[in-house]
Amino acid sequence: MGSMAHYRLFSFMRYRHVIWDWNGTLLDDAWLCVEILNELMRDAHLPPLSIDEYRADFSFPVVKFYERRGFDFKTHSFDRVSELYIAAYNRRRYECALQPGVVDALRQFRAAGLEQSVLSAYREDTLREVIAHFQLTDFFTHLSGLDNIRADGKVDRGRAHLRALDLHEAPHTVVLIGDTAHDHEVATALGADCLLLHHGHMHPERLAGRGVPLVANLDEAVNWVLNKKD
């Protein structure tokens, strides 16, 4: 009876695959990003910003966000700032915890028969290391990060990600779950649906009005995905 119920659920669900963003969506790291950014801004004699100011302004590509905060890349190297940022982040990355409900959400999707993967602007080798640290690797069929530290965006990597999953011909069966407007841009470019969360790197007011569902936490995200029917 249990297996038959599982089959019926899987048959009528709209989605077959969940692509997760990592930073901010599954990992609670916005606070660390603000602390490191403020160190860099202090060294550049720029005023610090609060977590609320960060969430109200953060965007991709990251270089534009840095420029809005006062960095002058005509006189300073963005690559050097990126190197300092990533080095500091990697020294402290395990101070971060998973967002509440991550393991339960991953288990529920797996139990419902959905495959899952991660598409991140994080460097791919370190993405794999940190996911292994949290003992989450077995939940995912594929992990994709960038091959550099510039955090320019994920659209091209997302297209390659779908091809690797053999889902480029069926993007309508995919939902991307993220925490930024860029995640919505990536999903749109891929032809996938998008679900956005309140709790990451962007204030929910900046995510509202984009024409996609916006939920407060991972429990609500799971309920939305599993109840989405064709």
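These notebook entries record what I looked up in the predicted model shown above.

**Conventions**

I worked from a predicted model in which local features need pLDDT of at least 70, side-chain atom pairs count only at pLDDT 80 or more, and totals for chains, interfaces and linings use all residues. I number residues from 1 along each chain as its sequence is written, and side-chain values use heavy atoms, with hydrogens and water left out.

**Entry 1: confidence**

I began with pLDDT, the predictor's confidence in each residue, from 0 to 100. The protein chain has a mean pLDDT of 91, and 91% of its residues reach 70 or more. Over residues 1-11 I found that pLDDT stays under 50. For this stretch the model has 9 contacts beyond four places in sequence, where contact means heavy atoms within 4.5 Å. Where pLDDT is low, the predicted coordinates should not be read in detail.

**Entry 2: the chain as a whole**

I counted 11 helices and 8 strands in the protein chain. Helices (H or I, at least four residues) and strands (E, at least two) are DSSP runs, numbered from the N terminus. The C-alpha trace spans about 65 × 35 × 30 Å along its principal axes. I then compared the radius of gyration, taken over C-alpha atoms, with the globule rule of 2.2 Å times the number of residues to the power 0.38. For 230 residues a compact globule would have a value near 17 Å, and the 18 Å of the protein chain agrees with this.

Of the 230 residues, 49% count as buried. I use buried for under 20% relative accessible area, exposed for over 50%, and partly exposed for values in between (1.4 Å probe, protein chains only). Among contacts between residues at least 6 apart in sequence, 67% join residues at least 24 apart.

**Entry 3: cysteines**

How many disulfides does the structure hold? I found 0, a disulfide being a pair of cysteine sulfur atoms within 2.5 Å. Cys96 is in no disulfide, and the nearest cysteine sulfur, that of Cys33, is 7.2 Å away. Cys96 counts as buried at 4% relative accessibility. The sulfur of Cys194 is too far for a bond, because the closest cysteine sulfur, in Cys33, is 19 Å away. Cys194 also counts as buried, at 4% relative accessibility.

**Entry 4: Arg93**

I located Arg93 in the loop between helix H5 (78-92) and strand E3 (97-98). At 11% relative accessibility, Arg93 counts as buried. Beyond its neighbours within four places in sequence, Arg93 contacts Leu32, Tyr122, Thr126 and Glu129. Arg93 and Cys33 are 60 residues apart in sequence, yet 9.8 Å apart in space, C-alpha to C-alpha.

**Entry 5: Gln116**

Is Gln116 buried or exposed? This residue of strand E4 (residues 115-123) is buried, with a relative accessible area of 1%. I noted that its side chain reaches the backbone oxygen of Leu106 at 3.0 Å, which I read against the polar-contact rule: a pair of N or O atoms within 3.5 Å; within protein, one must be able to donate a hydrogen and the other to accept it, and residues adjacent in sequence count only if both atoms are side-chain atoms. Not counting residues up to four places away in sequence, Gln116 touches a set of residues including His17, Trp20, Arg110, Phe139 and His142.

**Entry 6: helix H9**

Helix H9 (residues 181-190) is mostly covered, with 7 of its 10 residues buried. I list these as Ala181, His182, Asp183, His184, Val186, Ala187 and Leu190. They pack against E4, helix H8 (155-165), strand E6 (174-178), strand E7 (193-197) and helix H10 (204-207). Gly191 follows H9 and has a positive phi, near 85°.

**Entry 7: loops**

I found a cis peptide bond from Phe60 to Pro61, with omega near -5°. Pro61 belongs to the loop between helix H3 (51-57) and helix H4 (62-68).

Which loop holds His45? It is the one between helix H2 (30-43) and H3. His45 has a positive phi near 60° and counts as exposed at 75% relative accessibility. Gln135, in the loop between helix H7 (124-133) and strand E5 (142-146), has a positive phi near 60° and is exposed, with a relative accessible area of 71%.

Pro213 sits in the loop between H10 and strand E8 (214-215). I recorded Pro213 as partly exposed, with a relative accessible area of 26%. Leaving aside neighbours within four places in sequence, Pro213 is in contact with Cys194, Leu195, Leu196 and Trp224.
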